[in-house]
Structures are given as C-alpha cells and as structure tokens.
Amino acid sequence: MTLHPILVALRRHKAGVVLIALQIALTLAIVCNAVFIIGQRVERIGRPTGLHEKDLFMVEQTWVGAPSGDDPASIEKLDALQRADLATLRRLPGVVSVAAANTLPLTNNSWGGGVSLKPNQQNATTRSVFYFGDEQLLPTLGLKLIAGRAFNAGDIVHQGFRDTRTPPIVIVSKPLADSLFPHGDALGKTVYFDGSRATTIIGIVARLQSSSTSSWSSGFDYNSAIEPVRLDAYFSRYVVRTRPGREQAVMAAARDALYAANPMRVISDDPGDDNGIRSFAQIRDQAYRADKGMAILMGVICLILLGVTAAGIVGLTSFWVGQRHRQIGVRRALGARKIDILHYFQIENGLIAGAGVLLGVLLALGLNQWLMSHYEMTRMPLPYLLTGVLAMLALGQAAVFVPARRASNVPPVVATRSV
Amino acid sequence: MFAYYLELALRSLKRSPGLTALMVLSIGFGVAASMTTYAVFRGVSGDPIPWKSSKLFVPQLQIFAPGRKGSDAEPQDALDYADAMALQRDHRATLQSAMYMISPSVIPRGAGRHPINVTGHAVYGEFFPMLDVPFAYGSGWGADADSQRAAVAVISGKLNRKVFGGGNSVGKTLNIEGRDYRVVGVLGDWNPQPRFYDVVNTGGFNSGSEDLFLPFQTAIAAGMGNNGNTNCDAVPKESGFVGLQQSTCIWIAYLAELDGVAAVQRYKQYLDHYARDQQTAGRFAWAPNNRLRDLPAWLDDQHVVPSDTKVSLLVALGLLIVCLVNTVGLLLAKFLRRSGEIGVRRALGAPRSSIYAQFLTEAGMIGAAGGVLGLLLTGVGVASVGLVMPKSIAALARLDVSLLLVTLLVAVLATLLAGLYPTFRASRVQPAWQLKSN
C-alpha cells in the first residue's frame, strides 16, 4: 500500500491530526521526565548503607539534669551512665551485641568536615562524615572490614561531645580511602580532619553510607570515618543487634529495662518519626519517604496521562471511522480486504504518532534541560527517551486497534446504500 | 434561549455517552491532579506572616573567610555568638532578637511521670511583639528579664496542657533541667509554617511543635546547648559550650524589624559600618560582604519551598494541558459530526453567534461535570497526600472553599477554552453544502 492516499486523507483532517500529534508529543515529554524522576528516586532508595540492616535497632535517649559534659568530672559521670545503659541492654534476652554510636546512616544527624593529607591545608582534599563508636560498632552494624584491623576495647577512649581532640587511629570507608589515596595504599597513612586533627588509618570497611541523606552530603555520600570514641553528651544513642526475629520483642523490652535502670531520662514515645526506639527498617522508611512519595506521585500522573492519551486516540479515530464509513464500504466493494482497512488505520496512526514522537523528543529534552537549570536534576540518559518513544508508538497502535477493527468490519454493501 | 441550549447540549451529550464520559473523566483527572498539587504548593509557599513579612529582615555577615568551605559569594546564613551579641547590643532596629534552638527536658510534677523533651528557642523579649505572637495567658518578658537573666519561660498551649492540665498557668513554676522557671506567658494557637524565624535550624517545615521559649542569656548562663546546626570553618580553640561561644562557629539566627525604606537603608549602613570596624580591628581579614534580606526574599534564598512540590505542580499542570488538548480533539470530533444539524439551523436563520452560544454551552456543561468530578477527586487527592508526602508538608495541604471554587472555575474555564476552536469550526460549517450532501 502506498502512503499517498493516507497523506491526502490526513490533509483533510488537519486539526485532528495536529491535536493527536501534539497530545502524543506532550505526553512523551512529560512521561519521559516523570519516569526519569521515578528512576532516580528508586535508585536512591535502593542504595545500600553497608549495614546488615535486619534485626538492628537504635535507641536514642536524653538524660535529665545531665552534667554539662564540658569538665572532666561531668564527662566521667556521663560515661558511667552510658556504660551502665550498654550493660543493661546487653543483658536483655535476644540481644546479640550492643554498641555506642553517635549516629547511624540515614538518620540525618551528622557531624561532617574536611579531610586533608597535610595539616592546615588551604583546601581540604575531600569531605566526609564522622562516626563515633566503641569496639562493638563494627560487628553490631555488620560492616565488612576489607583491610587492616577493627578496633579492640583498648583503642576506645571517651570524651565530651564538644571535645575537639581526635584519637590517633581511625577506620575509614573504602570510598574515602580511595578519594584520599587513589593508589590503594591508604592503610597506615596519616590524615587530618577539619584541617588539624591528625589521625592514622588502621582499617578500611567496604561500605558505610553517610548519616545524611540531604543534598548537604551529595558528592560524598559514602565517605565515612569511624573514630574509636564513646561520645559523652546530654544524650546518647545505642545500636542493638538482636537474634533473628527477636527485634520487636527486644525493642519493647529495651524501653522498660532502661527506665527501670535509671528513670531520669527521656526516651521519646512519639508514635511516629521521633520515637526514641526505632528499628533500622523504620529509619530507612522515614529517610526515603519523600522520595517514595514523589515516585508514586509521578507514577500516578504518568498512568493518568497515558490513559487520557490512549482514550483520546480511540475517541478521535472512532470519529474518523464513522465519518469514513461510506468510503470504507466503497474500498471494500472495490476489493480491499479487511486486513487492508485495518492496516490503513494502523499506518495512519503510525504516521501521526511518529510526527508526535519527533516533536515529543525535542520537548522532552527541553523540559529536562529546564528542570536541570531550575532544580536538582541531572541529564536524562538516552534509554529513557528511546523507551518512551517506543512506548508511545506502541500505545498509539494499541489504542487504534479497536476502532480500526471496527472499520475493517464495515461490510462492502455499505457502498451501495445511500445515507 | 440558554435553557434551550442546555437542553440541546444535554441531548447531544446523551447521544454519545462514551465520548462524553471520556471528556468529563479527562477534565476531572487533569483538574484534580493540578489542584491537589496546587493545594500542597499553596500550603508550603504561603507567607507565614503576611501582614508583617516585608518589615522583617535577616542580617547576614561574612563571618568565614571568603572562598573557603561553606562560602561562595554569599555570606553565611547564621551568626556566631560574638556578632549576634554585638548586633543585639547595638540595638539599631525597632525590634530584634537573636535566637538559638534548645531542647531541654522538663520534669512534670507527680510521681511516676517520665520527664519529657521539649524543643523551643532561646530568644530576646522583643521576639514576641516583633512576630505578633498570640498569647492565651500572660505575655512575654521585658528587657530587664533579658539583662538580669531571669528564670522565666513562655510555654505553648500544648505543653501547658501536658504539664499543668491547661488553664491559666501564669505564675506557676516549671522544672526545666532541674531548675525552676516561672511561667510568664502561655501561647495561643501558634505554629507558623514554615518556621520562618529560624529556617536554618528547623529546615523550614516541621511537624513537631515549639513548646518553650526562654530568655537568650538565661539559657546561655544555664549552659543549655544549641540543638540546631553548628557550622565551623575552624576547630574551636576551647572545647565545650563556652568554647563554642568564643569560636567563629555559626549557630545563631537573627531577625530584625525595620519600619520603612529609610530604616532599612540605615540598618544596611550600620551593618557595613560594623563589618568595616571588625576589619579594622583585625577580626575579619576581608571587606564587608553583608546581606539584609526581607523575610520573603530570605525564605526564597533558603529554598524553603521543597523543589519536589514545585516539580509535582509543574508535571500536574502538564497533565492538565494534555487533558485539554485531548478535550479539544474530542469536542472537535463531536461538534463536526453534527455538521448536518448545524447546516439546518443555519439555513433556518440562526446566526453564527447562536451556534457559538449553543456549542460553548455544551462545552461549559462538560466543564462543569468535569469540575464536579474534579472536586471529588481533589478531595480524595488532598486527603491522601499524606501517603506520598512528608507529614510536615502534607499537613499544610488543605481543602477550603477558595480551593473548591478555584477547582470548579479552572475546570469550566479550561473546557470553554478548549471548546473555542471546535466551536469556531462548527460556526464555519457551510449550510448550503451540508443540505446538498444530505
């Protein structure tokens, strides 16, 4: 079949053709960008923390009338309180290990700073977040040590949380080690935190995500350093690993046990995000709730868009089929087979959708560019665009099938009837 | 005549229920998606203190050495202790207050009750009149309470109910971190979103509440630490809270009320003068680089409105446009299918304006139906926004009369707009040609 008669016929429905093409173009532009946003969010949500996240929970509590934590005597007092809590938690049935930690990945409580190769370097070599914890932290979190050694009890010091001293040794994540020492010889090297705090790398863990999920830490999402310090402050955080399946039971018991051991504290019983005792699954869920929501929202909008556009094609093609009832009858009477009529409408739709998709690709790239210049958005990779193009063409064909089949069922006898 | 057109429209719509339903659905969904995202956007981008925002200013100073960490061309978004205290001491604005975030624990009376953590701010007494903070009982404190570091407190209605069981608690004592404070004021219903007075530490939107306000110097003297962000460009020389106060770390928010252009100009000059003095004194080794933004400009600069809500609104508006293009196509098909009817009406003497009236009535009817569907869907959308957006933001999306009216209006206007071209085409139908072909 030649395209000529189709093109001639299209010229007689200019407005309708332009409208369908425009609709397909706009749909493609929006769907591509929306799906790209979904893809980015899904990728973000799926990022591993480096922790073994099952059977893990965090306790966050505040002392009431706590000593200031600024003088040696009060630091000793705070540390005694903290060690007592750690012992209390360890005694709970179902607990595998307990560690003191200043923060965890995804909790958005962060201490970060520059890391340099030389003291008082003008511009830091890279940036990192700093974790502080005791010798139980690595096994409790399930971090994978890939070089050097872990901390032992003798390495651990305790100091006030505003104390700016740094212990002589540190464990870093592999990405931090690599950005400081690209040749892979980080072990045993001395680095400087915040320009002046000197420390030596004694171990490297495969992966430990930043405690921050905000844009503040973008660019150094996996740069982490663990300092062998139990921080003493008016608050404390503990990480608890339980035996498989015992997480909920231990979480419930932990609150009562801590209050029984020392009632002068606050463990928030907020039913939501501020609860003092949260499983890591909850922490993860909270950290990515906005991303998940955005992905769902974009997904819903995409579905509506595709539905509306498909329905629009069905509607307009049905109208054309009705309009050309007689012509179809004439063609059938002159010997055209059913399949020829079906193909006619399919090719017609292919042409219109093709034009729409061409315009749509330009619009999609333009929209992506505009979003990049106004919001935190990266360039859309080509596969998104190609998938979008194929999807739109397929959608057009699927939508046109029902009216086209109806057209192909028009009997030849229609040609002989007057209206 | 309008009644007649309505009847004609109704009859025509009934004749092709599928197409009609398609158009109504498409308008309904398009409008609902736009309105739901708009409700969220309206919630987060509203002016938290519209009657006064243009008089409230945030002074910024270049405290970190320029060209290093945390500083591009913009000066820092918070103040260190020394500079905040200098601005407070010089007292050049009508009203002003330095503030920082605190989170002490309060010990309720009565046996068996666990202590609770409350968040709030340490502020100066002028904070309350400056922000027109509503009081249910009592009031804020005066300048003498600030200078004497008085142990007084202003608490929220929520904390009042929690600790004292509600009622007028002015004069009662509240145990904060083991020390007694006299309650001088209980706030009325006050939970501004965003927390415009301290967006740096609260991140703008906050589902928690502000339950406690203490005099700034009282909190400092009590060693009540900063619960917000602390940003340093150098390690403090001394450790501890006192070390923080002596450092150049920034952790204090500041707000000043300036009435009139002249006052703003004078305050700008004062800031420049102050920064130059610091340069002369050797504290700053760089030329003054100050900003004095009013509140709307400050909220904009701090990107308080989450970009997700803007992007969602944009995408939803795109959906509405596609729905409209769709409606244009379907209306065109629908109207031109009735060329014969149009031809007869025209041949019988109906002017083009009648054709316009008839078909725009029909379009308007579809718009109204789409609007009603859109209203229902917007209701569902706003109610379920909490499922996809953070609680603090979702809570701000509200369905009110103005939103309902806007939804209906958008639906009808948009459909009329979509109906314009098809109607134009319908009015161009040649009666002679139609009659002949029949």
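In chain B, α2(B) passes α14(B) in a right-handed crossing, a crossing being right-handed if the near helix is turned clockwise from the far one by less than a right angle, and left-handed if anticlockwise. Helices (H or I, at least four residues) and strands (E, at least two) are DSSP runs, numbered from the N terminus. The structure is a predicted model, in which local features need pLDDT of at least 70 and side-chain atom pairs count only at pLDDT 80 or more, whereas totals for chains, interfaces and linings use all residues. Residues are numbered from 1 along each chain as its sequence is written, and chains are lettered from A in the order in which they are written.

The axes of α2(B) and α14(B), the latter spanning residues 352-388, come within 7 Å and cross at roughly 40°; axes are lines fitted to C-alpha atoms over the stretch in contact, with angles from 0 to 180 degrees between N-to-C directions. The two helices are therefore oblique to each other, a class left for angles that are not under 35 degrees (roughly parallel), over 145 (roughly antiparallel) or 65 to 115 (roughly perpendicular). Among the residues making this contact are G28(B), A32(B) and M35(B) of α2(B), and G370(B), G374(B) and L377(B) of α14(B); residues are in contact if their C-beta atoms, placed from the backbone, lie within 7 Å. By class, the contact comprises 15 nonpolar, nine polar and no charged residues. Here Ala, Val, Leu, Ile, Met, Phe, Trp, Tyr, Cys and Pro count as nonpolar, Asp, Glu, Lys and Arg as charged, and the others, Gly among them, as polar.

Between the chains, 48 residues of chain B are in contact with 52 residues of chain A. On the chain B side, α2 (17-45), β4 (116-117), α9 (240-246) and α12 (307-337) each supply at least two residues, and α12(B) provides the largest share, 19 residues. This side divides into 27 nonpolar, 16 polar and five charged residues.

An automatic or database domain assignment gives chain B domain 1 (2-47 + 306-437) and domain 2 (62-257). Six residues of domain 1 are in contact with four of domain 2, and helix α15 (residues 391-394) gives the most to the domain 1 side, with three residues.

In chain A, P411(A) is found in the segment after α11 (382-408). P411(A) is exposed, with 11 other C-beta atoms within 10 Å (exposed: 12 or fewer; buried: 20 or more; partly exposed: in between).

Notes. Two residues are in contact if their C-beta atoms, placed from the backbone, lie within 7 Å.
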